[in-house]
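Hi everyone, thanks for coming. Let me put the structure up, and then I'll walk you through it strand by strand.

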Amino acid sequence: YFKKPFKLLLNIINFEVNSNYYAYAKFENGYSIYSSKYSYTVWLDTSDSTKILGRMAYNLEKDNYEQENLISNTKYAKDINILEKELFNYFNIKIK
């Protein structure tokens, strides 16, 4: 289980959302980006990769076990948008 060691590594390196240092992951039709503070994952339709099936965003500083999805929380909208742009750019994801 990699969350704790991965989060520890991010904290040691001192990643920040605005510093342009991120870690990326892909599993099946899910794409993720991690900073020291947040994780963001988007799930794409396997039959049409331009359609989003779901999104998850978590504040890793406050919610280490990723229990509270922040996607609908407007307080985090700016940070989520930054992460989404970085993620889509990194994996060359095009959404309709």
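Let's begin at the hairpin formed by β1 and β2, with 2 residues between the strands. Glu28 sits in that turn and has a positive phi of about 50°. Strand β1 covers residues 23-27 and strand β2 covers residues 30-34; the two run antiparallel and are joined by 5 bridges. Within this pairing, Tyr24 stands opposite Ile33 in β2. For the bookkeeping: two strands pair if DSSP finds at least two bridges between them. Helices (H or I, at least four residues) and strands (E, at least two) are DSSP runs, numbered from the N terminus.

A word on where this comes from: it is a predicted model, so to speak of a local feature we need pLDDT of at least 70, side-chain atom pairs count only at pLDDT 80 or more, and totals for chains, interfaces and linings use all residues. Residues are numbered from 1 along each chain as its sequence is written, and side-chain values use heavy atoms, with hydrogens and water left out.

Now for the overall layout. The protein chain has 2 helices and 4 strands, and from the N terminus on the order is α-β-β-β-β-α. Of its 96 residues, 40% are buried. Here buried means under 20% relative accessible area, exposed means over 50%, and partly exposed is in between (1.4 Å probe, protein chains only). The chain exposes about 6300 Å², and carbon and sulfur atoms supply 52% of that. These areas come from the Shrake-Rupley method with a 1.4 Å probe; for residues, only the protein chains shown count as cover.

Let's carry on along the strands. β2 and β3 form another hairpin, with 3 residues between them, and they pair in the antiparallel sense over 5 bridges. Tyr31 stands opposite Val42 in β3. In the loop between these two strands lies Ser35, which is buried at a relative accessible area of 0%. A polar atom of the Ser35 side chain lies 3.2 Å from the backbone nitrogen of Lys37. That is a polar contact: a pair of N or O atoms within 3.5 Å where, within protein, one must be able to donate a hydrogen and the other to accept it, and residues adjacent in sequence count only if both atoms are side-chain atoms.

Strand β3 (residues 38-44) is mostly covered, with 6 of its 7 residues buried. Its pairing with strand β4 (residues 52-59) is antiparallel too, over 7 bridges, and Thr41 has Met56 in β4 as its bridge partner.

So what sits in the largest nonpolar core? It has 15 residues, and those with the most contacts inside it are Tyr31, Ile33, Tyr40, Val42, Ile80, Leu83 and Leu87. β2, β3 and α2 (77-91) each supply at least two residues of this core. By nonpolar core I mean a set of buried Ala, Val, Leu, Ile, Met, Phe, Trp, Tyr and Cys residues joined through side-chain atoms within 4.5 Å. In soluble globular proteins, nonpolar side chains tend to be buried together.

Take Val42 as an example. Leaving out residues up to four places away in sequence, Val42 touches Asn29, Gly30, Tyr31, Ile52, Gly54, Arg55, Leu87 and Phe88. A contact means heavy atoms within 4.5 Å. Across the chain, among contacts between residues at least 6 apart in sequence, 42% join residues at least 24 apart.

On to the aromatics. Rings of Phe, Tyr and Trp (its six-membered ring) pair if their centres lie within 6.5 Å; planes under 30 degrees apart count as stacked, over 60 as edge-to-face and the rest as tilted. By this rule there are 6 aromatic pairs. Why is the Tyr24 and Tyr90 pair stacked? Because the ring centres are 3.6 Å apart and the planes are at 5°. This pair links distant parts of the chain, with Tyr24 in strand β1 and Tyr90 in helix α2, 66 residues apart. Tyr90 and Phe91, by contrast, are edge-to-face, because their planes are at 85°, with centres 5.0 Å apart. Tyr24 is partly exposed at 25% relative accessibility, and Phe91 is partly exposed at 24%. Ring pairs link Tyr22, Tyr24, Tyr31, Tyr90 and Phe91 into a cluster.

Last stop: two backbone angles. Glu66, in the loop between β4 and α2, has a positive phi near 50° and is buried at 18% relative accessible area. Asn92, in the segment after α2, has a positive phi near 55°, but Asn92 is exposed at 53%.
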